[in-house]
Protein chains: 2
Amino acid sequence: MSVAAPPAASAAKSSAPRDLSRIYSIAELAREFAVTPRTIRFYEDEGLIKPRRQGTQRLYSAGDRARLGWILRGKRLGFSLAEIRQLLDLYHVDRTGLQQMRELLRRSRLHIEELERRRRDLDAQIGEFKDVETQVVAELRQRGVDPDSD
Amino acid sequence: MSVAAPPAASAAKSSAPRDLSRIYSIAELAREFAVTPRTIRFYEDEGLIKPRRQGTQRLYSAGDRARLGWILRGKRLGFSLAEIRQLLDLYHVDRTGLQQMRELLRRSRLHIEELERRRRDLDAQIGEFKDVETQVVAELRQRGVDPDSD
DNA sequence: ACCCACATTGACGTTTACGTAAACGTTAAC
DNA sequence: GTTAACGTTTACGTAAACGTCAATGTGGGT
């Protein structure tokens, strides 16, 4: 899958945009999130982001940037773009009608259950690999080797 | 009709094998794990499971069954089959050589880091959707509606 | 005016993870 | 002995998520 998290190129690890009114070029966002411009355009084709245009060029707001980050986090969690679109929609659906709110509540709870299932899977794997680590470290120590000397 | 009663077609989700020496048919495993036989054969083509053969037919041991479960959990976590294969290999690599053990340790730790990154993503999303839930519940209550009456 | 880096839109190619027939063998039941 | 339920291989099809040209436009610096 290879959806690595942002490498935090500089010390600017802050997830908060420096300036709320800043605008970003496609290449800029691509660099920051370690994806290609092609990917970002593809997400637009799929209706996941809708940047402003200056003529033909795309201009991304801080909101667009955050949205892209959200999308990529969804990807890292293994959701398809279709699912991510649905999830994003949950934040923007009409919250006035009673039925809509009930529906929103229902979907949110379903999604939370899904996420908690995943966390159980995740914790199980983490446990297994920590066991491996523990065993290997013990074995190495027994052989008189320091496990942490590179 | 067979001698015994039908095995309750509903999803028997018990993760513990009834009998360690039991053998399973491909359809049986497919039902239990809610995948198609095609999927299981595909995993075999990819070198992820190697069941015994009785003539041309595949016979799955309890170990094969567990392995399949492991693979599918990996999938749920969003790993590709190639990655899953690598991870499975980590349990079977030669643990005698010093360099191999160092390498195993290194990879395990890398994988654990990866998993913990994912858990951070996961917890973040869970938090967001729990916020949504909380807000919607509050809003519904304020309108004098019970959020949990279906 | 020219160059260069970056932008755009098609359009076709690629990988992954299977689905979907087709054509066939095996065993058990009736 | 035929049918039904299950298994097999081989092979082509497909949806998702981009990659990779190609052809073209555009804005800024010198």
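Which residue of chain B forms a salt bridge with A:R109, and how far apart are the closest N and O atoms? The partner is B:E133, and the closest N and O atoms are 2.9 Å apart. Keep in mind that what you're looking at is a predicted model. With that said, let's start with one chain and then work back to that arginine.

**One chain**

Chain A has five helices and two strands. Walk along from the N terminus and the elements come in the order α-α-β-β-α-α-α. There are 150 residues in chain A, and 35% of them count as buried. If you take contacts in chain A between residues at least 6 apart in sequence, 53% of those join residues at least 24 apart.

A:A34 has a positive phi of about 60°, although it isn't a glycine. You'll find A:A34 in the loop between α1 (26-33) and α2 (37-45) of chain A. Over in the other chain, B:A34 also has a positive phi, near 60°, and it sits in the loop between α1 (26-33) and α2 (37-45) of chain B. B:A34 counts as exposed because its relative accessibility is 69%.

**How the two chains meet**

On to the pair. Here, 50 residues of chain A are in contact with 51 residues of chain B. The area buried between the two chains is about 4,900 Å², and carbon and sulfur atoms give 59% of it. On the chain A side, A:L122, A:Q125 and A:F129 lose the most area to chain B, together 14% of what that side buries.

Between chain A and chain B, the count is 25 residue pairs in polar contact. Which elements of chain A give two or more residues to the side that touches chain B? They are α3 (62-76), α4 (81-92) and α5 (98-142). Of these, α5(A) gives the most, with 29 residues. Sorted by type, the residues on that side of chain A divide into 24 nonpolar, nine polar and 17 charged.

A:Q125 is in helix α5 of chain A, and it's buried, with a relative accessible area of 0%. Its contacts include B:W70, B:R73, B:H111 and B:L115. From the other chain, take B:L98, which lies in helix α5 of chain B. B:L98 touches A:L140, A:R143 and A:V145, leaving aside residues up to four places away in sequence. With 37% relative accessibility, B:L98 counts as partly exposed.

**The symmetry**

Two copies of a chain are related by a rotation about an axis and a shift along it. In this model, a rotation of 180° with 0.0 Å of shift along its axis superposes chain A on chain B, with an RMSD of 0.1 Å. The two copies are therefore related as by a two-fold rotation axis. The same surface serves both copies, as 94% of the contact residues of chain A recur in chain B. If you want to find the axis on screen, go to A:G78: of the residues of chain A, its C-alpha comes closest, at 2.3 Å.

**Salt bridges**

Side chains of opposite charge can pair when their charged atoms come close. Over all chains, the whole structure has 30 salt bridges, and the count between chain A and chain B is twelve. Here are a few of them:

| Pair | Closest N to O |
|---|---|
| A:R109 and B:E133 | 2.9 Å |
| A:R109 and B:D148 | 2.7 Å |
| A:R107 and A:E103 | 3.1 Å |

The B:D148 pair crosses between chains, running from the segment after α5 of chain B to helix α5 of chain A. A:R109 is partly exposed, with a relative accessible area of 24%.

The pair of A:E133 and B:R109 also crosses between chains, this time from helix α5 of chain A to helix α5 of chain B. B:R109 is partly exposed, with a relative accessible area of 24%.

What about the pair of A:R107 and A:E103? They are four residues apart in helix α5 of chain A, so about one helical turn separates them. A:R107 is partly exposed at 37% relative accessible area, and A:E103 is partly exposed at 27%. Finally, A:E44, A:R53 and A:R58 are linked in a network of salt bridges.

Conventions:
Residues are numbered from 1 along each chain as its sequence is written. Chains are lettered from A and ligands numbered from 1 in the order in which they are written. This is a predicted model: local features need pLDDT of at least 70, side-chain atom pairs count only at pLDDT 80 or more; totals for chains, interfaces and linings use all residues. Side-chain values use heavy atoms; hydrogens and water are left out. Contact means heavy atoms within 4.5 Å. Buried area is the accessible area (1.4 Å probe) that two parts lose on being put together, summed over both. A salt bridge is a side-chain nitrogen of Lys or Arg within 4 Å of a carboxyl oxygen of Asp or Glu. A polar contact is a pair of N or O atoms within 3.5 Å; within protein, one must be able to donate a hydrogen and the other to accept it, and residues adjacent in sequence count only if both atoms are side-chain atoms. Ala, Val, Leu, Ile, Met, Phe, Trp, Tyr, Cys and Pro count as nonpolar, Asp, Glu, Lys and Arg as charged, and the others, Gly among them, as polar. Copies are superposed by least squares on the C-alpha atoms of residues with pLDDT of at least 70 in both. Buried means under 20% relative accessible area, exposed over 50%, partly exposed in between (1.4 Å probe, protein chains only).
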